Amino acid sequence: MARIEVDQVVKRYASDTIVDREASRTRPALNSVSMAVADGETVSVVGASGCGKSTLLKVVAGLEYPDAGRVLYNGTDVTYVRPQERGVGMVFQDYALYPSMKGQGNLAYYFQVHDRTEEEAEQRVRETADRMGVGFEHLLGRVPTTLSGGEQQRVAIARCIVRDPQLFLMDEPISNLDAKLREQTRIEIRKLLRKFAITTLYVTHDQQEAVFMGDRIAVMRDGDIQQLGSFDELYYTPANLFVATFIGSPPMAVLPVVVAGGEVVVGDLRWRLPDDVRPAVPDGPVRLGVRPEGWIVDAGDGAVLRVRHRERIPTERASFLYGSVGGAAVAVATAIDFPDRSEVRVTPEWSRAYFFAADTEDPIHLPGVLELF
Amino acid sequence: MLFPQVGRRQPALRIAWWLVVAFLCLGITLHLFPFYFMLVTSFKSGEEVLAFPPTWWPHEGTLAGWRLVVSLVQGSNSAAARLMDGPFWMFFLNSVQITFWVLVLGIPITSLAAYANSKLQRGPLARWSFLFFIGTLMMPAALTLIPNYLLTRNFPFALPSVPGIPGTDLEFPSVRIWDTHWAVILPIVFQAFNFLLFKGFFDTIPDSVIQAARVDGGSEFNIFRRIVLPMSVPVYAVAIWTAFSGAWDQFLWPLVVLQSPEKMPASVEIYLLLQRFTQAGATNADQASAQAQQMQDILSAGMSWNGLMVLGILQSLPVFIAFIVCREYLLRGIRLRGLK
Amino acid sequence: MTERQVVTEDVPTADAAGGRAPDKPAPRLSRRRRLEGVLFVIPAFLFQLSWGWYPLVMAFVISLTNARFRGPVEFTGLESYQRLWSDPLVGQAFKVTAIYAALSIGLTFMIPILVAILLMEMPRRHIRWMMLLWFLPLSGIASTLLFRYMFNAQYGLFQWIATEVLHLPPQPFLNSSDQVLFWLVFPGILFFGPGLIYMATLQGIPASYYEAAEIEGAGFWRKVWTISLPRLRPVISMLLIFAVIGSSQAFEFPLIMTGGAPGGASRTVVMYLYDLLRGLRYADATALGVYLFLVTMALVIIQRRFFREDPDR
């Protein structure tokens with residue numbers, strides 16, 4: 001197992017034009033990224049497409065070499081070590097199975113190119129098949145093109161673990177599967193990761209998946225890691241407005257408000273801030289963030305929310321009301337049996353409210369992790 | 001797809017559909033007719049091929065043409081053998097040899113370069129080397145005809161004679177490959193069009209497969225051989241087919257760089273035979289009578305269009321077979337995306 | 001080499017890792033991978049250099065000399081070009097080539113596109129054999145032989161069609177200086193190869209494009225015009241360039257069919273170039289090649305101006 005450190009890595013792709021002019025260069029895919037992954041930990045990397053998350057994964061794998069910065073495994077610099085010498089296993093979004101080889105061959109390729117004996121390869125493949133569970137055995141004898149997406153996925157994961165890697169790298173491994181299978185596979189992968197306790201970097205664009213998979217989550221944007229932390233940290237103490245709105249579903253509502261004399265002014269509404277919050281928020285324009293569960297419904301001084309649309313989620317015993325307040329999109333969590341109304345009044349629950357600067361994304365006041373016990 | 005998938009029963013659509021079918025079938029018929037006519041002619045007698053109107057089916061099928069060609073092929077001591085500078089199998093073998101080397105050297109060299117350009121090189125380097133490799137595709141071959149010819153004479157100097165080393169009487173060392181098969185083979189080992197074909201195909205292989213193999217630890221060559229090659233059978237079939245028909249049908253270049261009759265490929269030899277059979281451009285009476293005399297000689301040897309057609313069929317046969325063998329892959333192997 | 005052996009000798013920075021500034025420029029690819037990439041390219045590079053670019057450069061050099069079969073080579077400037085300029089046969093050859101190229105592109109270029117588009121309409125199980133029969137190739141020399149026979153003015157098949165079927169007076173075919181170029185191009189209408197390239201490209205167009213167009217109410221020609229042709233455009237553009245270059249270099253077919261007769265009415269530029277080569281006038285022949293090159297390049301540049309390749313732009 002391994003401890004991974006990424007130290008101020010910069011990566012810029014060479015443009016495809018004939019003359020590599022400075023002007024034609026885009027911003028770097030990775031802009032001085034640093035992170036550390038502890039031994040046996042799973043870190044999900046999440047972000048919109050093009051944010052550099054796959055590039056980060058490739059740099060850690062050794063498939064791309066950074067323009068600057070270092071990658072360390074267990075404290076050893078491996079920045080320019082080739083991927084096969086790093087002992088990593090990688091699963092790709094399109095599975096990347098070798099189409100001309102059967103499942104067996106896909107798993108055995110590693111041993112063939114590493115000059116291992118037939119017997120060892122055979123034995124390792126068999127062990128892996130056992131670990132992968134029921135029905136895996138017969139995938140070994142089939143050509144990838146005849147396998148379904150889920151089956152290809154299982155072979156790809158098996159190919160990854162057959163070598164007993166010290167680091168797992170997963171690049172959106174389940175986003176090509178259909179919804180039901182995705183759910184299932186997600187649990188399977190999680191179990192697998194728990195079982196082997198292998199250090200894992202898990203790249204995805206789906207924040208729910210990231211939350212489910214990762215012990216910690218790294219949120220990326222435009223080649224930067226915005227925040228790296230556990231779900232609670234990201235949820236309750238976001239590093240900036242981007243992280244706050246990115247994490248959580250439905251997303252946090254952001255209202256532009258003015259604070260004056262301990263009062264929050266939205267349009268012609270005035271909300272008095274409670275005493276414990278008031279000193280933390282300076283006067284002037286700020287942005288007020290309220291998560292769906294942070295609204296109090298039908299309090300006396302509430303803002304009017306026209307319900308545009310109502311979504312019931314029986315499994316969570318909740319229903320969400322969607323509408324807008326002061327021009328900002330707002331989602332409100334209510335009880336599942338909340339009556340169908342066209343209008344409700346909502347007030348922020350101040351102990352759960354987020355305040356951000358009006359012109360930057362910096363947080364001013366955050367609720368902090370709720371102490372439930 | 002152009003015709004709607006539903007509502008094909010409408011009369012207008014039906015008529016249009018059958019018109020398209022009729023057009024395509026007519027085209028096929030017209031296209032196949034030369035093949036038919038060639039075959040039929042080869043079984044006609046010497047008089048019948050010159051008869052007017054031409055016959056659609058041999059009145060009296062005869063193997064005269066084929067027998068004549070068999071004697072040509074064997075080079076046996078018949079009157080017909082005077083027509084050629086040697087037994088026909090020799091020229092045929094020359095063609096085979098030239099084509100063989102063009103394929104054996106050309107296909108791996110071209111495909112490896114295209115693979116490297118597609119998957120190993122990046123950025124400006126990839127762009128430059130792409131232009132380096134396909135740039136000559138845009139240049140007329142006629143321009144390089146003379147320098148290439150001189151190059152075969154005094155490799156590596158594309159000059160009429162090898163320059164002397166300044167200050168001495170010696171000449172720079174040079175190799176003369178002129179009048180050898182290598183002079184025909186080497187210039188077409190690297191074929192820019194095949195490079196384009198390979199590059200177009202390799203570009204469609206997902207990078208992730210190659211990256212997965214790199215993580216597995218294959219060397220680049222191992223990845224190429226074990227992973228990429230088996231995926232790329234169709235494009236190899238297409239490239240082999242184009243390289244094959246190109247090398248097999250070569251005509252101008254062997255005529256320029258080969259001199260010894262016994263080294264000529266079959267295509268050139270058939271041309272020379274045809275020249276002897278019917279001289280084009282007779283402008284005066286002398287020439288015409290000389291031509292008539294020569295014609296008489298040839299006809300007395302039993303050679304006529306029937307024999308030539310047999311040679312043509314023999315010459316076409318390998319191209320034909322190659323096409324049939326590669327047919328499964330032709331559509332799957334072509335993934336061209338223009339010159340970019 | 002074990003999988004856990006992390007540091008190997010071809011790692012340039014492993015030992016100096018601690019002291020290395022993180023922003024020091026780093027190699028793009030590892031040495032090994034770069035080396036292998038170079039090895040892949042080297043043979044092709046050498047061949048392309050020695051038989052592609054080097055002769056090209058030398059062509060321009062030789063055209064400025066008095067290179068002949070033997071004797072010292074001296075730079076004579078544009079003498080060869082001037083000599084050719086005043087040679088009436090050159091003008092004739094260019095005229096012949098221009099007409100030949102225009103006829104051949106005009107008559108033969110569009111047909112394979114149309115055929116490919118129509119062939120793709122056939123039921124799936126029939127496409128295969130129809131395609132095979134449409135694009136069945138004939139060896140170049142064999143088809144030349146055959147057409148030479150069929151064009152014979154006394155007993156050729158075409159003469160029969162002209163006189164017996166169409167009831168025209170006997171036609172001179174290749175013996176007429178007015179018609180010879182048309183008849184040279186004529187067989188090309190049926191014998192062509194690039195249809196396969198068009199079919200392969202058409203095959204790659206997602207069916208959903210056509211379905212979407214159908215929902216919009218597009219008819220047959222509209223779909224051809226808005227989907228098939230734009231998707232084919234890069235390939236059409238490429239093959240048009242090849243067609244321009246190829247037909248301006250017509251040599252083998254006219255040589256075997258007519259040898260330039262009657263009276264040079266079918267003598268193309270490359271045929272004249274070949275005559276010069278046989279006359280051992282190397283410099284003149286190369287200068288003629290340069291003339292041809294300039295003309296075709298001008299055409300190619302014009303073509304690329306008017307014919308943008310990318311369908312998505």
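User: What makes chain C of this predicted model a chain with an average pLDDT of 81?

Analyst: The average of 81 for chain C is taken on the scale of the predictor's confidence, which runs from 0 to 100. Of the residues in chain C, 86% score at least 70. The model scores ipTM 0.87 and pTM 0.87.

User: Which residues of chain C should not be read in detail, and why?

Analyst: Residues 1-29 of chain C have a pLDDT that stays under 50. Where pLDDT is low, predicted coordinates should not be read in detail.

User: Why is H167(C) called exposed?

Analyst: H167(C) has 7 other C-beta atoms within 10 Å. The cut-off for an exposed residue is 12 or fewer, so H167(C) is exposed. H167(C) is placed in the loop between α7 (157-165) and α8 (180-185) of chain C, and its phi is positive, near 55°, in a residue other than glycine.

User: Why is D164(A) called partly exposed?

Analyst: D164(A) has 14 other C-beta atoms within 10 Å. A residue is exposed at 12 or fewer and buried at 20 or more; the value for D164(A) lies in between, so the residue is partly exposed. D164(A) is found in the loop between α4 (149-161) and β7 (167-171) of chain A. Although D164(A) is not a glycine, its phi is positive, about 60°.

User: How do you know that β17 and β18 of chain A pair?

Analyst: Pairing requires at least two bridges between the strands. Five bridges join β17 (residues 309-313) to β18 (residues 318-325) in chain A, and the strands run antiparallel; therefore they pair. Within this pairing, I313(A) stands opposite A318(A), and E311(A) stands opposite F320(A). The two strands form a hairpin with four residues between them, and R317(A) in the turn has a positive phi of about 50°.

User: How do you know that β18 and β19 of chain A pair?

Analyst: The same cut-off of at least two bridges applies. Eight bridges join β18(A) to β19 (residues 328-335) of chain A in the antiparallel sense, so these strands pair. S324(A) has A329(A) in β19(A) as its bridge partner. This hairpin has two residues between its strands, and G326(A) takes a positive phi near 55°.

User: What makes β17 and β19 of chain A edge strands?

Analyst: The three strands form an open sheet in the order β17-β18-β19 of chain A, with antiparallel pairing. β17 and β19 each pair on one side only, which makes them the edge strands. Neighbouring strands of this sheet are turned by 25° against each other on average, direction ignored.

User: How many residues does each of chains B and C bring to their contact, and how does the side of chain C divide?

Analyst: Chain C brings 89 residues and chain B brings 89 residues. Helix α1 (residues 31-63) of chain C gives the most to the side of chain C that touches chain B, with 19 residues. That side of chain C divides into 60 nonpolar, 19 polar and ten charged residues.

User: Where are the cis peptide bonds S249(A)–P250(A) and F155(B)–P156(B) found?

Analyst: The bond joining S249(A) and P250(A) is cis, with omega about -5°, and P250(A) is found in the loop between α8 (241-246) and β11 (253-260) of chain A. The bond joining F155(B) and P156(B) is cis, with omega about 5°; P156(B) lies in the loop between α5 (141-153) and α6 (181-185) of chain B.

Conventions: Residues numbered from 1 in each chain as written. Chains lettered and ligands numbered in written order. Predicted model: local features only at pLDDT ≥ 70, side-chain atom pairs only at ≥ 80, totals over all residues. Contact = placed C-beta atoms within 7 Å. Axes fitted to C-alpha atoms, helices over the stretch in contact; angles between N-to-C directions. Nonpolar A, V, L, I, M, F, W, Y, C, P; charged D, E, K, R; others polar.
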